[in-house]
Amino acid sequence: MEKILDLKKTVAELVEENPEVKEIMAGIGFKEITNPVALNVMGRIMTIPRGAAVKGIDLAKVIAAFEERGYTVLSEDGASRQGRLRGFIERLSSGEDLESVRKDFVQEFRHVEAQEIMDAEQTLIKEGLPIKEVQRLCDVHSALFHGAMDAPAGALSHDEIHAQAASVNPDDIDALPEAHPLSILRAENAALDALLDTIEGELDGAKRTDVMLQHILALGDVRSHYIKKEELLMPILYDYGVTGPSQVMWGIDDEMKRELAMIIKALKADAETLPLYEARIRALMQRIREMIFKEEKILFPLSLRYFTQMEWYRCYHDLPDMGISFGVPIPAWAEAQPWLDQEAARLAQSQVGGKLQFPTGELSMEQLTTILQLLPVDITFIDKDDVVRFFTNEGQVFTRPLSALGRDVMNCHPPEIIPVVRNLIADFKAKKRTQMIVHRYIRERPIRVHYQAMYDAVGEYIGTVEFVTDHAEPLEKFRR
């Protein structure tokens, strides 16, 4: 009987097919495989190529050992472009020196597309690699591609990377009108990059001035820039099955936003402590530069590839609600104006007509809409199928773009929050609990978030409503 070793299968699957696999692997350095607990736990998610990368064992040596024992090794994934790209990322994740991996990468890869990078990340996640781990190596692999620009002769040139890191021709992005959402986001990146250069120059010059502090505080605008891409670009890509940006970039954005908020809070309290934070400021600026690179070379080209013109119009419609970043204005977009006018007319028409009848009275749609806008609370309704169906967002505590309507609520949250949301809704459906109330500071504002399960007259779950209230003003009144 022919012995087959399929490297796409997990170690546990291979051992179950042929116990001899365990003996061979133990003999070439995989001692942990002899531990039943390790085999049952890690073996269920670990493949041989990934295990070899983690332990620093040459995969060619592993394949040779099995071939000597009469195995036919199926290594299509390991030989494929994506498999080799993932191998480089896994080597970095296992702690191998960046320069060593970069050298091999430059020698082997002449062309690499954004889609390959995102596919590699998504596959790693599907194979069981924790999202947190992918987020860490995401920074490292973008540094790898950055480094390739400065590599020795024969390496990828800047122009080659610019042209080949995405399937979308760079000229297509450059040719977009200045009011296109991608043009605006790219202008914000250019302004952000200039701000980072200014701060870096001031740090190198050992200047500790009020102007320098103001420049650091100005980095706070990165929050609204990240919100734009997280709320307008990533969820739509997710709908197209391109989940990598949401799963990886969003988590990194949140880490950087928290770090920046901590630094700004400390410097506002005592500007003289700035020298104590210099190392952290430099590290954060480097991460921000890496994120600019990922946006320009991966996220933006992928968005241009997948989005319809209607989806770009919706993005443009929602941009003003997310604030101005780094002084970059949102100019008028003549091409989008007919659609904007049509949407405004549709909304106006929806408010015309008869009365809405309630148990305690009646209101026109216009009256009801105005009342909801005046309430000091933001409301979001998620139906029984976990789809966002309605929101009011006058307080702007959380960003709520119109494109969120009709979307699965799980795709509207960063990856680390999704399990919390999923468990909460599951509890509501099972009636294990009917509400959850959270009080916390969000951007230094005291916020109350109330999640409430909704049931019909016979007790069937019909959805969840979220109430968000800013308590800053009433608390200030009571302190007087």
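Author: Here is a chat about helix contacts, pockets, a cavity and an aromatic pair.

Author: First, this is a predicted model, where local features need pLDDT of at least 70, side-chain atom pairs count only at pLDDT 80 or more, and totals for chains, interfaces and linings use all residues. Residues are numbered from 1 along each chain as its sequence is written, and side-chain values use heavy atoms, with hydrogens and water left out.

Reader: OK, at what angle do α15 and α17 pack?

Author: About 35°, with the axes of α15 (residues 222-239) and α17 (residues 278-306) 11 Å apart. Axes here are lines fitted to C-alpha atoms, for helices over the stretch in contact, and angles run from 0 to 180 degrees between N-to-C directions. Helices (H or I, at least four residues) and strands (E, at least two) are DSSP runs, numbered from the N terminus.

Reader: And which residues of α15 and α17 meet?

Author: From α15 you have H225, Y226, K229, L233, M234 and L237, and from α17 I288, M291, E295, L299, F300, L302, S303 and Y306; contact means heavy atoms within 4.5 Å. By class, that contact of α15 with α17 has 10 nonpolar, 2 polar and 2 charged residues. Ala, Val, Leu, Ile, Met, Phe, Trp, Tyr, Cys and Pro count as nonpolar, Asp, Glu, Lys and Arg as charged, and the others, Gly among them, as polar.

Reader: How about α13 and α14, what's the angle there?

Author: Helix α13 (residues 181-204) and helix α14 (residues 210-218) pack at about 145°, their axes 10 Å apart. On the α13 side the contact uses L195, T198, I199, E202 and L203, and on the α14 side V211, M212, H215, I216 and A218. That contact divides into 7 nonpolar, 2 polar and 1 charged.

Reader: Which residues sit closest to its centre?

Author: R223, F398, R440, I442 and R443, out of 46 lining residues. The largest share of that lining, 9 residues, comes from α16. By class, the lining of the largest pocket divides into 27 nonpolar, 5 polar and 14 charged.

Reader: And what lines the second largest pocket?

Author: The second largest pocket has 31 lining residues, with L347, T369, F391, L402 and L405 nearest its centre. Its volume is about 990 Å³. The lining has 12 nonpolar, 10 polar and 9 charged residues.

Reader: How many cavities of 30 Å³ or more are there?

Author: The search finds 4. The second largest cavity holds about 40 Å³, and its lining is D318, D321, M322, N393, Q396, T399, R400 and P401.

Reader: Last topic: how many aromatic pairs?

Author: There are 6 in the whole structure. Rings of Phe, Tyr and Trp (its six-membered ring) pair if their centres lie within 6.5 Å; planes under 30 degrees apart count as stacked, over 60 as edge-to-face and the rest as tilted.

Reader: Why is Y313 with W333 edge-to-face?

Author: Because their planes are at 70°, with the ring centres 5.4 Å apart. Y313 is in helix α18 and W333 in the loop between α18 and α19, 20 residues apart.

Note on methods
On a 1 Å grid over the protein atoms alone, a cavity is a set of points where a 1.4 Å probe fits but cannot get out, and a pocket is an open set with protein on both sides within 12 Å along at least five of seven lines; lining residues have an atom within 4 Å of a point. Grid points are joined across faces, edges and corners, and a volume is the space filled by probe spheres set on the points.
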